[in-house]
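Notebook open, structure loaded. I went through it piece by piece and wrote down what I looked up.

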Amino acid sequence: MDLKSNEPFWLLKNGLIASYPSLKSDENCDVLIIGGGITGSLIAHQMIKDGYETILIDKRELCNGSTSATTSMLQYEIDVPLYELIEKIGEKGAAASYKACSDAIDTIETLSGKIRSGAGFKRKKSLYFASKKKDVEWLKQEYEARKKAGFEVKWLQADEVLEKFGFENTYGGILSKQGASIDAFLFAHELFQYNVRKGLKIFDKTEMIKVEYHKGFNLAKTNSGFQIKAKKIIYCIGYESKTLLKENFVNLKSTYAVVSEVDKDKFKNITSTLVWNTDEPYLYMRTTDDGRLLIGGGDEDFYDAEKRDAILNKKEKEILKSLKKIKPDYHFYPDFVWAGTFGETKDGLPYIGEHQKFRNSYFVLGFGGNGITFSAAGMEMASLFMKNKKHPLSGYFRFGR
């Protein structure tokens, strides 16, 4: 599956950071991780930290799937509003899911410091504004739900949004204290390099084509003809899980993003804020470390990469039209435009856990707008899986829920 197209900003910005060999011999390990994106890098870090002999494989160059196309906004907010999620799964599970994403931002910050990352982790606030007057009622309901759950939030009136951020034609919104941004492509590569020095083995351009299940271990056969014997397999394959798991558990969507030319002065009022709105699909934006504005949106159902890519120009115009509504006097000069694929679940939650058809195996599939924070939450869950223990969120993130 083609997970990105055209000019993903992070890939071009960073270039080829590192390359790894393909598999050229049979191997043995405690844990085999399949998938070399940001999720795989976080889970590999946890496995090495826990003392397991760990191998990671990817059929591409590392991080060349969705990780190179992500907007890298780190949010505790889930695509399904908290008040709606409470209606779906109950107050306890909904609040715990939001809290897990909030804690994940702290985890990534700590990890960034530990490995002395240069990926630009930056604490930011988050503005979620009403783009239509009719959205105010439910957005205020969302504000109250978040406040009750213990999140630091403030309601801003439309004139306050204009004064603080310069956005016109809004109807107020929620300002959250918790949020951050990072270059996930670079951060994942840094994690891989850090853990290779601690014993992690990585083989790229190595595709798993078949798994044989045995008592106490699995044999993963690869396209090179060699095999890996592993006590456990952890799948970190994101949206490509759709081709591996036959049930209809996630809907694939295409999303589009545009990055401006460098213009640090024009974006000063949102350099420390993530921004998104109540449109369907919603518009979202953030600044980059080098003084660009990154805007995304225009989501629609994914059919195939060719159809997705054919409307890049159309989607770019749609996104910039939405920007013009709130910044009518600002002229945006596009420098990069690309499309990516993501997954949308019925409750906005990830699928993290075991699957009845895959023995000795675990899945960490962070879907939606905050797949990175879900993946960071999956570190502890995967660690407990290896110890045959359950995490409090296991029931909410399980397959077949």
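For what follows, I take contact to mean heavy atoms within 4.5 Å.

**Entry 1: helix α3.** I started here with that cut-off in mind. The model is a predicted one. In α3, which spans residues 82-89, I found Leu82, Tyr83 and Leu85 buried. They sit on the same side of α3, because the arc they cover around the axis is only 160°. Then I asked myself: what covers the buried residues of α3? The cover includes α4 (91-114) and α5 (136-148). Just after α3 comes Gly90, and I noted its positive phi of about 100°.

**Entry 2: confidence.** The average pLDDT for the chain is 93, and 98% of the residues score at least 70. Residues 1-5 are another matter, with pLDDT under 50 throughout. For that stretch the model still has 32 contacts beyond four places in sequence. I'm leaving residues 1-5 with a pencil mark for their pLDDT under 50.

**Entry 3: cysteines.** How many disulfides does the structure hold? I got 0. I wanted to know why, so I went to the sulfurs. For Cys29, the closest cysteine sulfur is in Cys236, 13 Å away, and that is too far for a bond. For Cys236, the closest one is in Cys63 at 12 Å, again too far for a bond. The cut-off I used is 2.5 Å between the sulfur atoms. Buried or exposed, I asked about Cys29? Cys29 is buried, at a relative accessible area of 7%. Cys236 is buried too, also with 7%.

Entry 4: I traced an open sheet of 3 strands, in the order β4-β9-β5, with antiparallel pairing. Its edge strands are β4 (73-74) and β5 (122-123), each of which pairs on one side only. Between β5 and β9 (residues 180-181) I counted 2 bridges, antiparallel in sense. Across that pairing, Arg123 stands opposite Ala180 of β9.

Arg123 turned up again when I looked at Gln178: the two side chains make a polar contact at 2.4 Å. Gln178 lies in the loop that runs between β8 (173-176) and β9. Its side chain also reaches the backbone oxygen of Ser102, at 2.9 Å. I have Gln178 down as buried, with a relative accessible area of 15%. Leaving out residues up to four places away in sequence, Gln178 touches several others, including Tyr76, Ile105, Asp106, Lys124 and Ser126.

**Entry 5: Asn218.** Next I clicked on Asn218, which is in strand β12 (residues 217-222). How buried is Asn218? Its relative accessible area is 0%, so it counts as buried. I then looked for polar partners of the side chain. One is the side chain of Asn360, at 2.9 Å. Another is the side chain of Ser361, at 3.5 Å. With residues up to four places away in sequence left out, Asn218 also touches Arg359, and among the others on the list are Val211, Glu212, Tyr213, Ile228 and Ile233.

**Entry 6: strand β17.** I then followed its pairings. β14 (residues 251-260) is joined to β17 by 6 bridges and runs antiparallel to it. There, Val259 stands opposite Leu294. β16 (residues 284-287) is joined to β17 by 4 bridges, antiparallel as well, and Thr287 stands opposite Leu293. β16 and β17 form a hairpin with 5 residues between the strands. In that hairpin I noted Gly291, which has a positive phi near 85°.

**Entry 7: Ser131.** Last stop was the loop between β6 (125-129) and α5, where I found Ser131. With 5% relative accessibility, Ser131 counts as buried. What is Ser131 in contact with, leaving aside neighbours within four places in sequence? I listed Asn169, Tyr171, Asn277, Thr278, Asp279 and Lys325. I also checked the distance from Ser131 to Ala377, 246 residues apart along the chain: their C-alpha atoms are separated by 31 Å.

Note on methods. Residues numbered from 1 in each chain as written. Predicted model: local features only at pLDDT ≥ 70, side-chain atom pairs only at ≥ 80, totals over all residues. Heavy atoms only, no water. Pairing = 2+ DSSP bridges. pLDDT = per-residue confidence, 0-100. Buried < 20%, exposed > 50% of the residue type's maximum accessible area, 1.4 Å probe, protein only. Polar contact = N/O pair within 3.5 Å; in protein donor to acceptor, adjacent residues only side chain to side chain. Arc of directions from axis to C-beta.
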